[in-house]
Structures are given as structure tokens and as C-alpha cells.
Amino acid sequence: MNGTARSGDYSLLDLIILDSGYIIMSDTLTLDVIGGRVKVNGEHATVRFVGVVPPVAGPWLGVEWDNPERGKHDGSHEGTVYFKCRHPTGGSFIRPKKVNFGIDFLTAVKNRYVLEDELEEDEKEQIVTIGNKPVETIGFDSVMKQQSQLSKLQEVSLRNCAVSHAGEKGGVAEACPNIRNVDLSKNLLSSWDEVIHIADQLRHLEFLNLSENKLKFPSGSAPLTGTFSALKVLVLNRTGITWAEVLRCAAGCPGLEELYLESNEIFISERPTDVLQTIKLLDLSSNQLIDENQLFLIAHLSRLEQLILSDIGISSIHFPDAGIGCKTSMFPSLQYLVVNDNQISQWSFFNELDKLPSLRALSCLRNPLTKDDKDTRTTRQLIIAKIGQLKTLNKCEILPEERLGAELDYQRAFGNEWKKAGGYQDPDKNRLSEEFLAAHPRYQFLCLKYGAPEDGELKRQPLMLKNQLLTLKIKYPHQLDQKVLEKQLPGSMTIQKVKGLLSRLLKVPVSDLLLSYESPEKPGREIELENDLKSLQFYSVENGDCLLVRW
Amino acid sequence: MGVIRSREGPGGLAEGGRPNCTESTDPLSPSADGIRTGQHRSLFHPEQLLSGKEDAASNYARGRYSVGSEVIDLVLERTRKLASGSPLSSKGAVPGACEVLWQNSPALSAVTIATNHVSLGAEQCGELQGFLIFRSFGGGTGSGFTSLLMERLTGEYSKKTKLEFSVYPAPRVSTAVVEPYNSVLTTHSTTEHADCTFMVDNEAVYDICHHKLGVERPSYANINRLMVQAVSSITASLRFEGPLNVDLIEFQTNLVPYPRIHFPITTFAPIVSADKAYHERFSVSDITTACFESSNQLVKCDPRLGKYMACCLLYRGDVVPREANAAIAAMKARHSIQFVDWCPTGFKVGINNQPPMVMPGGDLAKAHQALCMLSNTTAIAEAWARLDHKFDLMYAKRAFLHWYIREGMEEAEFLEAREDLAALERDYKEAGQSV
């Protein structure tokens, strides 16, 4: 026999709901369970098949595990395909008795938040009422106390509590309507509709965490019902959601401020037009399919202040609407960008970031460019110099002194390149090459801010003694007949020694000599060399200067 | 002196009004300006910010004898004024604690913010419960002035608790050469006056900030913000209600087996970077396990080398008693955690439903469940041994000693202090031995 077994060929089983809220199969299995999320011995799975698997008698559930290696096969058994799995070892057949179909929301809340001794009292009560006669309600006070406690609940964490459905309609709204904050991560919710059933009853819901639930998201545009009117934060990490589904869900959240979509293999396929316009924070970490071109589609969210793009494999970014040195119109409110753990290896990345008008903080740890440990200081300085308005880098504040040092060092470091590329002291003469401008877009601005780098700063000479000698002219302003001498003196020579040298030369006693110097760069300005114990270097005497000797 | 009083509003949060926390900062450091002109200056009453003209120059002797003695009376007078305010007619003044903050660590304002989303009515304390003293071991004021102050406080307020939060000199990161001298001298003189001293060291916090929070080069601001979370957890019981609320006094009763063995280490979990918020969810048992890992400790010390004498677990946020008990039972079963023979149970648990606050724009992600663990372990003797060793190296050569002698100290005091610390090490060793 080949072909797919029809799900209708099975014996019917009933359901029993235990006091603890767990649903077990006893008599009836309906087709409804297909697609449902279940838990078997702590492992999560999706039901794909219900029925008989001959030759073994009795009902079986075919499940596809979340963990693709947990199963024994891919849904086929002895040649017959009962259901399909994505992975060759992703499926198993399990006896319904062993499967936990989950509990409803309210029961989960009660399980967690009601104190144990009160639960015991409840059980006693139930045992008593199973009998024929109605018995006086013992522990009613405690039940009321329990319920009044629940109605005070604002923050509820039901992570991994096997919640699969909303339960009785209105039950949640009656018992705990004041819940503002729900963590429903890693539960057994199977569809967005079920989430809506729960959220509908929580009018004040502001925070909802649905991470690690394999939900079936709406396929068409859902009618706006005002369910999530108060919702500010939505966490959908690891739910397998697609971008189109994100937009559909977000349509029902008019006031959404923070959206977390980590690890979903998201590919941004369209530009959000009426939705997501209020978000301030978007976390797209670990979505490896995102590339820089997709970012253009979210570039016009006008309120977006924080964008987390860690671990998406990005290596470059560009804002084509802005030329060198201009600001882009994209990401107008973006203040904090996180690009840790990516593939950034070019400095052009940071050049582009300078175009963002509101960027104040950046985190870019563990990228190929910034990974080199011995150069972390230089890397940090370069990033600071390249992005002018940055106030915080890698969570460390950039103090004004640090910025000053970084920008001056940057200027000096690329000064020679600038000159070669056509840079001049006189800005009118500048003819900088395209290449240089592209690699160093801020350089001109820095020149305007600090002045163009001087030649003296740019020369880097090897440290030989002859390079440390200053070639100085020696003039005698009062003795017109004496020739102008040229001498080479070390910068570390003290004024006293210079005087001694001159004294021997001129046959004039040391005490009569008065020294000063002038620089050809600043003609007319004479600087006295009065302190005998100081060196020429101390007075900033440089190569080509002229010593003036009087007596 | 600073006052923290809490007034319960719905859910334990403050009702309106600005917190009026009054602090007295380092009277010996001319730069209390950081606080006066800082972002959070409105938290401090100007009268309570005392500053002097000279500083203690990293010298215990100056802090305690010469310069400190000039300012101590003024400080005590202000404390008296605060502590003995008129009984309040206003609603619900809860017994508070006084805070004395020293400006050895800048960004003190960070401390006040995290502990103070409460509102205060009048400036005076209704019922003074005790003092919280924040100081460093290594500086002049932190060591010298504090020892003087503690002595005088014991004299005047003998019945009140005095809790210290001390910044212990880090093993490898040093700010002053004479740290060991200052630390040993101050430990000797304050041990008998402090009821409990929570130790924190900069290096441990630095490492946490760098490795776990993605801070490239942690500054004092980053370090203080983390420390403050621990402090906030410890004082949470004073400020908010909870199902298993543990009082400050209760902590001590459970943490301090002998009067001199009062140096618990602080551990905090979960420590998650704000950039990775909600990527991983930590259950109550996860954070409990994390607290027994040395990477979450705020002091560099290896508890596996010693034995636990007592453990206080302060859960904050959405934690139910059942989960807390289950988590602890799981830890007790782990044989890697050794307790001393004479104290088999050893765990005290408190739950406070108010989740920890984080500073906006800070490094830490907001956690809905957090745990601060205070454990008294014999392994801390290793920290003392390190300190004593450094002290011995310098003292053998009488290096830097003249700075202290000049201010009027005698060598005998050094020897006495060193002897006291040796005795402390022996006490720890004895406590760790089997009955």
C-alpha cells in the first residue's frame, strides 16, 4: 500500500481535563489537534498527523520535533507517507497518552502565583463535591483571597509553562484584567489568533514576550480590532516570523515602541508604510539574511532611535542620497546603532556613518577591523575622528579631550597623504583627489577647525644624531662687519654652552653675551634666550632659525 | 548624612515628589563639586554636602588624625540634626537608614538614583534604623576619616546598625601605592564598629563590565552603576514590600556567625548587556546557579577554595517562593558547594517583587527577575592574605612610612593593625575547620 493515509481513518478518543489543567487523551482525538504545539518529556513539537498506523493497533500522533535530530524518521513508515517533515530525522509517532497538549492561560497563572497551601484546600473541596450532597464551601475565603491576589497581578511570567490556548472566553479578563506585562516565551501557542484571544482580555497590556513559540502568523491582513491598543513592547525572537508577517501583526499595534526580532531569518521585503511608524527601538540581531540594501526599506521610520544589527553579517553600508561631507535623509532620528559581531573590515563603513544626522552612540565590537587587540586605541581614535557627532563609542563616553586628541592625531597621521593628494595650507589652492576625499571625508572639515597641518609636523625623520642637529644662522646685529655664520648645534644644547661656544669664537666674555633668536616663519619677532640652564629645544628653536648675538 | 525613607504607593512605588536624599560627601576632598553640579544634584540638600579645604592625600593618618579631626565635629553635628528629627505626623514614614557617602568614587549620584525612586516628606528621619557607609579602603578619607567617624558613631548611636560598602583594593589594579597601609589600618580600627562590611573590588567589576556588558574601557561611571544594583537589592527590603521581605537586621543575624567574621562577598545575576535584552531568558534556577559562579562576583575571590558559612539570597522581581525554593534545593544538592560542618543549612531567602531599575542609557539590560547573593565564605581570607603580603613587603623596608609618622602616628599602630589582621586570617581559618 502506498500513498498518504487519510487522517479520517482512526478510532475516536475522548479528552479528560484533569484538575491540574493538563489535557490527556482518553477517548476522542479530533482533527483540531493537527498543527497544535505539544510537549513530550520537555521537548517541543508540532502535531502533523492523527490516526492509525498499521499494523500496530491504536491511535498514534505524528509529530515533527523542534529539534530536527530528535526523531526517528521523516513522517513515513514502511513505505507509506503519513506526514511530511523538513528533516529526515525530524518526526516520530507517539502515543497520545504521552503527549502534553498544554494548559490554558488562566490555569498557568494560577499554577504559578497561587500559594501552594491554598491549592491544597481547593483540592479538598473538589473531592468533597464529587460526592452527591452539596457540601458547605470550605476555603471559600482563600479562593476569594486568591482571586483578589490575581486581580492585582500586573507582571506575569509564564515562560515554559506549556500554555497552549486562552481558555474559557472572558476567564482571563475576569480574574486578572490588570496584567500589563506578560512573558509567554517558550510555550505551546500555535497561532497568532490564540494570542489575540488572550490579549483581547488584557486591555492594559503593554509588554508581550512571545519568543520561542512557533506561531502561525496571519496570512492576510487581519481586521484591526484594538486588541493591542496599549502595547508598547513586543518581543518575537526566535519565532520564525517573516517580515510580511511582522507588518501584519504590527498593524494591530498602533502605539508600538519597541520591537525585538532576533534570530528569525528575516529578509526585509517591503517598506512599512502605515505600520511601525511609532517604533523607537528595533532589534534585528542574528538575522543573517539581512544585507545593507534591505536597510533602505526601513530607513524612513521617522521615530527610530535605536537599531540593533548585531551578528547579521553586514560588512558595508552606504547612503547614496548624501555626498561626501553631507548628511543623509535616511534614519533621521537614529541615535544609537549597534553593529557588534559583524564583518566590517573597511574604514569606509565609518565614513558613511558620519552621514547620519542624529547618531550619538555606536557599538562596533568584534568586527574584523576592530578585532586586532594591539591596536584598539588607534582604532578607537580613528572611529572618533571619522564620526564627528559621536558622543559614546562602545559604551564609553567620548570626552572632549579625547575627541580633540583623536582628531589632531588623525590629521597628523594622514597629513602626508593629504599633501600628496593635493592639499595646501591655503585652502583656496586645494585640489584634492577624489580618492582622498572618499577615504577621508572629514579631513577638510578638520583643517578648517584646527588649521591645515604644518610641514614641520608632518616630517618624520629617523632618529639619527645628524637629524637632531639644528642648522642655525648666527647674526650679530650690533657688529655690522661680522659675517653671518652657519653652525650645526644639537637641540639639547643649553644656552650656557651655546654662549661658551660663541665666547670662544668671538673672544668676548660669556657674561657679556645676550642671545635671542628669530624664525623666518615669523619675521620681526625676536625671542630672548634668557635662561642659561635651558636648552635650545626648550625655546622651540628649530632648523633654519637665526640666533642673534649682542654684547 | 543621607536619609532614605520609603513611602508605599500602589505596587510599592513612590508617589510623586522628588526624593530628598541628603548626603554628606567627603569633607576632606575639595571637590564635592562633582555632586553639587552634577546631573542629580537636586537629590541632595545643599546643607548636607560638606566639603573641606584640604584633602587627605591618600594618607590614613591625615584622614584620621590631622585633617579629619577638624571636620568630624561638623559632620557629627549634621548627622545628629538629621537623625533625631521630630516625630512625623505625616503618612507612613517607614524606619529608614542613613547614608554616608564618600567621594572616593565619583558618580555617587548614580548610587542615589538607583536606590531612590521613592519620595520623602520631611527631611528628618522618623525612626533611625542604622547607617549605610560607602567608602574605599585605599584612599585617605575612605580609610582614615571613616575609622574616626565609625568610632564616634558607635559612641553616640551604639544601638544602631552600621553597614559598610567597602571598595577593596583590587589585586592587580591599583590607584594608590600606599593602599595596603591604609587598608590594613582601617580594617583594624573599624572591624569592631561595623556590623557588616560588603566588599566590592574594582577589578572584578571592571572585568564584568568589559566581558559581559560590552563596555570597551569601563570608567568609574560604568563600575558604579553595577555596584549600585547590588546595593539597591540589599536595601530593597527597606523600601518596598514583598511576600518574603527580609529586613536589614535579619541579614546580619543570618550572615554573621562571629562578630569579626562579617565580610560577605556580593554576587549579582543576571548580568546582561542592554544590547542583548531578551535574547536569552534566564529562569530563577539559571540566575541562582550563576550566582555561584565567580565571574558574577563583585570581589575577586575563589569561593571554591573555601567553605560557605552563610548565604543570603535576595530575589527581586517576578519570583515566586516555590521557584526560589526549588532553585535552592538544586544548589544544595550540588557537592561543589561546600558548607562548613557547623552550619549545615545556611541559606536565607528574601523575595521582593519590585524588579530592579536600570539607569536609562546604562549598560545593564532590564531584568524581570534578578538575584543578589551575599555569601560569607572563608575564601575571603585569601583577599586579606594578599593585602597583608603587600603590607609586609612595604613595611619591611619602612617604605612611605614617614608620611604617616609626620602626621603623628606611631609604628606601634602599624604593628598592632598587622597583628589584628593576622588574627582575622586565623579566625577565618578556624571557622573553616571541621568541628
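**Entry 1: the strand pair β10 and β12, chain A**

The model I am reading is a predicted one. I then looked up how β10(A) and β12(A) are joined: there are three bridges between them, and the two strands run parallel. Strand β12 of chain A covers residues 181-183.

In chain A, 11 strands form an open sheet with mixed pairing. I wrote down the order as β10-β12-β13-β14-β15-β16-β17-β18-β19-β20-β21. Which strands are at the edges? They are β10 (155-157) and β21 (396-397) of chain A, each of which pairs on one side only. As a reminder to myself, strands of a sheet pair through backbone hydrogen bonds, either parallel or antiparallel.

Phi of K186(A) is near 50°, a positive value, and the residue is not a glycine.

In chain B I looked at the peptide bond between A269(B) and P270(B), which is cis, with omega about -5°. P270(B) lies in the loop between β6 (265-269) and α9 (284-291) of chain B. I noted both places because most residues other than glycine have a negative phi, and most peptide bonds are trans.

**Entry 2: the contact between chain A and chain B**

I looked up how many residues each chain gives to the contact: 35 residues come from chain A and 26 residues from chain B. The buried area between the chains is about 2300 Å², and carbon and sulfur atoms give 43% of that area.

How many salt bridges are there between chain B and chain A? I have six in the count. I looked at one pair, D183(A) with R281(B), where the closest N and O atoms of the salt bridge are 2.1 Å apart. D183(A) falls within β12 (residues 181-183) of chain A.

On the side of chain B that touches chain A, helix α10 (residues 321-333) of chain B gives the largest share, three residues. I sorted the residues on that side of chain B into 10 nonpolar, seven polar and nine charged.

**Entry 3: the annotated domain**

I checked the record last. UniProt, in an unreviewed entry, places the feature "domain: CAP-Gly" at residues 51-95 of chain A. Over residues 51-95 the chain is 0% helix and 38% strand. The end C-alpha atoms of this stretch of chain A are 10 Å apart.

Technical notes:
Residues are numbered from 1 along each chain as its sequence is written. Chains are lettered from A and ligands numbered from 1 in the order in which they are written. This is a predicted model: local features need pLDDT of at least 70, side-chain atom pairs count only at pLDDT 80 or more; totals for chains, interfaces and linings use all residues. Side-chain values use heavy atoms; hydrogens and water are left out. Contact means heavy atoms within 4.5 Å. Buried area is the accessible area (1.4 Å probe) that two parts lose on being put together, summed over both. A salt bridge is a side-chain nitrogen of Lys or Arg within 4 Å of a carboxyl oxygen of Asp or Glu. Helices (H or I, at least four residues) and strands (E, at least two) are DSSP runs, numbered from the N terminus. Ala, Val, Leu, Ile, Met, Phe, Trp, Tyr, Cys and Pro count as nonpolar, Asp, Glu, Lys and Arg as charged, and the others, Gly among them, as polar. Two strands pair if DSSP finds at least two bridges between them. UniProt positions are given in the numbering used here, feature names are shortened, and annotations may be inferred rather than shown by experiment.
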